[in-house]
Amino acid sequence: MKYCPQCGAPLEPNDKFCSNCGTRLSDYGGVVSVGAAQTWKPTAAGTLTISAGVLGLIVGIVLIGRSPLFMVGLLAIMIGIVAVAGGLCALKRRAWGLALAGSICSVFCWLGIPAIILIALSKQEFS
Ligand SMILES: [Zn+2]
């Protein structure tokens with residue numbers, strides 16, 4: 001549940017304006033933390049994490065067809081799914097913990113290292 005930053009009335013996730021006081025709300029479908037300007041950092045981190053996640057999914061799908069590496073492939077697919085989900089959270093600036101988990105899952109390739117740093121630096125931008 002989200003609340004209007006102006007009057008505290010409960011909001012629907014897709015409200016553009018507060019139905020109680022008419023305050024314009026964020027274009028991200030919710031309320032931005034007071035005092036936290038949005039920067040490029042979560043967007044960049046989300047993009048890196050999703051890229052790493054997609055790479056993990058591709059590697060996983062390739063490996064899963066080779067029976068000795070089936071478990072490695074399965075692991076790569078699970079890591080890829082968490083990374084993509086975390087990257088989407090970073091783009092939406094929601095669920096900081098999952099965004100961080102996604103970036104940590106991305107460290108199998110170098111993309112995860114800047115993603116972790118950027119997500120850690122931009123925690124206040126997440127709702
Ligand atoms: Zn309001």
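Leu88 is partly exposed, with a relative accessible area of 42%, where buried denotes under 20% relative accessible area, exposed over 50%, and partly exposed the range in between (1.4 Å probe, protein chains only). This residue belongs to helix H2; helices (H or I, at least four residues) and strands (E, at least two) are DSSP runs numbered from the N terminus. A separation of 12 Å was computed between the C-alpha atoms of Leu88 and Val54, which lie 34 residues apart along the chain. The model is a predicted one, in which local features need pLDDT of at least 70 and side-chain atom pairs count only at pLDDT 80 or more, whereas totals for chains, interfaces and linings use all residues. Residues are numbered from 1 along each chain as its sequence is written, and side-chain values use heavy atoms, with hydrogens and water left out.

Helix H2 comprises residues 70-92, 23 residues in total. From its first C-alpha to its last, H2 reaches 33 Å, close to the 33 Å expected at 1.5 Å a residue; the expected span is 1.5 Å times one less than the number of residues in the helix. The buried residues of H2 are Gly73, Ala76, Ile77, Gly80, Ala83, Gly86, Gly87, Cys89 and Ala90. Their cover includes H1, helix H3 (96-105) and helix H4 (112-121). Just after H2, Arg93 adopts a positive phi of about 55°.

In H3, the buried residues are Ala99, Leu100, Gly102, Ser103 and Cys105, and the elements covering them include H1, H2 and H4. Ser122 lies in the segment after H4 and is buried, its relative accessible area being 0%. When neighbours within four places in sequence are set aside, Ser122 is in contact (heavy atoms within 4.5 Å) with Lys41 and Pro42.

Cys7, in the loop between strand S1 (2-3) and strand S2 (10-11), and Cys21, in the loop between S2 and helix H1 (41-64), are 14 residues apart, and the pair links distant parts of the chain. Cys7 is partly exposed at 36% relative accessibility, and Cys21 is likewise partly exposed at 38%.

Four helices and two strands make up the secondary structure of the protein chain, arranged along the sequence as β-β-α-α-α-α. The radius of gyration is 18 Å, well over the 14 Å that the globule rule gives for 127 residues, so the chain is more spread out than a compact globule; this radius is taken over C-alpha atoms, and the rule is 2.2 Å times the number of residues to the power 0.38. The C-alpha trace spans about 60 × 25 × 15 Å along its principal axes. Of the 127 residues, 35% count as buried. Among contacts between residues at least 6 apart in sequence, 52% join residues at least 24 apart. The chain exposes about 7,100 Å², of which carbon and sulfur atoms supply 70%; accessible areas come from the Shrake-Rupley method with a 1.4 Å probe, and for residues only the protein chains shown count as cover.
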